[in-house]
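Subject: Handing over the structure, with notes

Dear colleague,

I am passing this structure on to you, together with some notes on what was found in it. Please look it over first and then read on.

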Amino acid sequence: MTEFDFDLFVIGAGSGGVRAARVAAGHGARVAIAESDRFGGTCVIRGCVPKKLLVQASHYAQDFEDARGFGWSVPQATFSWPAMVAAKEQEVSRLSRIYENLLETSQVTLLRSAARFVDSHTVSVAGRLLRARHFLIATGGQPSRPALPGIELAITSNEAFDLPSLPRRLLIVGGGYVAVEFAGIFHGLGADVTLAYRGEQILRGFDDDVRQHLFDEMSRAGIRVLLGSRIGSLARRSDARIDVEFDTNPVSAECFDHVMYATGRAPNVAGLKLDAAGVALAAGGGIAVDAFCRTSAAHIFAVGDVTDGIALTPVAIRQGAAVANSLFGAVQQAADLTLVPSAVFSQPPIGTVGLSEAAALDQFGVIDVYRSRFRPLRHALSGRDERTLMKLVVDHTTQRVVGAHMVGPDAPEIIQGLALALRLGASKADFDATLGIHPTSAEEFMTLQDKQTLRKSN
Ligand code: FAD
């Protein structure tokens, strides 16, 4: 009998864990993976995938309306929430099975239960003690809600995917990407949506023009966005709806069918018994890791949302692969997280890569900013008063493009390509020299002329 049952034991079969397990097994390592829920993790079961399907579902409402401007007569369209939830569930289950099959065909041992550390080389899974040479913690995160009276009445994104019926009146609390995405989804599906955020503008951390532009578009579309708004308490009414007290001056109260909190996520560390393994936490509450995702215990690694890093699926996947390659491949690898592109599937959507105007100004001192706001061609006929924003942020000295931002149809698809250009160090002159594809919105990025030079004030 060898000293260890496995070369690598992975805790959590989400984006990061599954990739690490498969890559490690591909290198010939003996790998086990424990999962306490369905295989696939947040992204597949209650994140990116079902969310994007719901965005698609809700967007049809606009598409039916817009089609009239193109000569279509569209009879009154109706939507069935239970039918959509069932279709979504079918796809999520299909993907979850694919994840399981991929692991099984990679010869990874699947354990369908939660794992917790007993000592630094041993975990307990459903009463079994298993020993491994290395561990990877990839347990992700879960929605967190603030403590206030009646908070147990509020749902989170987890429950929003499977509500028994479509809410007529919904309050979403939060200003991050999950909050604005769900506001767009439920508004598109016909709910009366209010988004309440305590900060001064939604989407903290994004470029300020992008934040303002989306706020304007959401408001124009009919979503009520309350900024500087604080919730005091929630209380159940006799008709099952929820009374919400807004703690803003003057105090007011309103009634909603559901209240959804999207006010952040907390790493899944409780229950892992990390102290038994000597794994320390970082200041933000996630597992502390170095650039190689190594924790304070040299043979234990952590990737993805359970750390305090960037909480995106491609990041977790890249980190998982890097850990597996470092342990069992020929080279020591750290995930390269420079220029991580990202999207917000709001309506209209956002695509962004690189630095915001404020961050670039701070870093480079002098920058050139190019902006364009225009009405996409389709809206010339649809009549919809929706504007697209495109913006390039350029380091004035080197003329290198250091940030690209867009709010408008297809923004995530367009920015994905620009992420490659920025990675290759494209200058503004390179953008200018690139021929556009006509007629597209994307070509506007190649012809931006309206320049503003900004200097950092001391
Ligand atoms: P997860 O995918 O969360 O996987 C962790 C797994 O560990 C889970 O399956 C969990 O059940 C399991 N687990 C936990 N504890 C234990 C234990 N003790 N034992 C065994 N198993 C355990 N990212 C994007 O890139 N694009 C998007 O559009 C996007 N949309 C999102 C929308 C929503 C609503 C949410 C919530 C997230 C979204 N994300 C998106 C973020 C993305 O889902 C996460 O960044 C990604 O899933 C993180 O992967 P992970 O491997 O770290 O953890």
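The notes below take up the ligand, then several helices, and then a few single residues.

Please keep in mind that this is a predicted model, in which local features need pLDDT of at least 70 and side-chain atom pairs count only at pLDDT 80 or more, while totals for chains, interfaces and linings use all residues. Residues are numbered from 1 along each chain as its sequence is written, and side-chain values use heavy atoms, with hydrogens and water left out.

The ligand

The ligand is surrounded by 35 residues, of which the closest are Gly16, Glu35, Thr42, Lys51 and Asp305; a residue is counted here if one of its heavy atoms lies within 4 Å of the molecule. By class, this shell divides into 15 nonpolar, 14 polar and 6 charged residues, where Ala, Val, Leu, Ile, Met, Phe, Trp, Tyr, Cys and Pro count as nonpolar, Asp, Glu, Lys and Arg as charged, and the others, Gly among them, as polar. Helices H1 (15-26), H2 (41-46), H3 (48-67) and H9 (313-328) each supply at least two residues of the shell, and the largest share, 4 residues, comes from H2. Helices (H or I, at least four residues) and strands (E, at least two) are DSSP runs, numbered from the N terminus.

A ligand oxygen is 2.9 Å from a polar backbone atom of aspartate 305, one is 3.3 Å from a backbone N or O atom of leucine 312, and one is 3.4 Å from a polar backbone atom of cysteine 43. The protein covers 93% of the 1,000 Å² of accessible area that the ligand has on its own, with areas taken from the Shrake-Rupley method with a 1.4 Å probe (for residues, only the protein chains shown count as cover).

Serine 80 caps the N-terminal end of H4, with a side-chain oxygen 3.1 Å from the backbone nitrogen of alanine 83, and after the helix comes glutamine 107, whose phi is positive, near 70 degrees. The buried residues of H4 include Trp81, Val85, Lys88 and Glu100, where buried means under 20% relative accessible area, exposed over 50%, and partly exposed in between (1.4 Å probe, protein chains only).

Helix H6 (residues 177-188) is mostly covered, with 9 of its 12 residues buried, among them Glu181, Phe182 and Phe186. Just after H6, glycine 190 takes a positive phi of about 110 degrees.

Helix H12 (residues 411-423) reaches 18 Å from its first C-alpha to its last, close to the 18 Å expected. Its buried residues include Pro412, Ile415 and Leu422, and what covers the buried residues of H12 includes strands S17 (342-344), S18 (350-354) and S21 (401-407) as well as helix H13 (428-433).

Leucine 163 is found in the loop between helix H5 (157-160) and strand S8 (169-173), and is buried at a relative accessible area of 6%. Leaving aside neighbours within four places in sequence, leucine 163 is in contact (heavy atoms within 4.5 Å) with Trp81, Ile155, Phe186 and His258.

Lysine 428, in helix H13, counts as buried at 3% relative accessibility. The side chain of lysine 428 makes a polar contact of 2.6 Å with the side chain of aspartate 432, and one of its polar atoms lies 2.8 Å from the backbone oxygen of leucine 448.

Aspartate 209, in helix H7 (residues 208-221), is buried with a relative accessible area of 17%. A polar contact of 2.6 Å joins its side chain to that of lysine 391, and its contacts beyond four places in sequence also include Glu357, Arg371, Arg373 and Leu389.

With best wishes

Conventions. The expected span of a helix is 1.5 Å times one less than its number of residues. A polar contact is a pair of N or O atoms within 3.5 Å; within protein, one must be able to donate a hydrogen and the other to accept it, and residues adjacent in sequence count only if both atoms are side-chain atoms.
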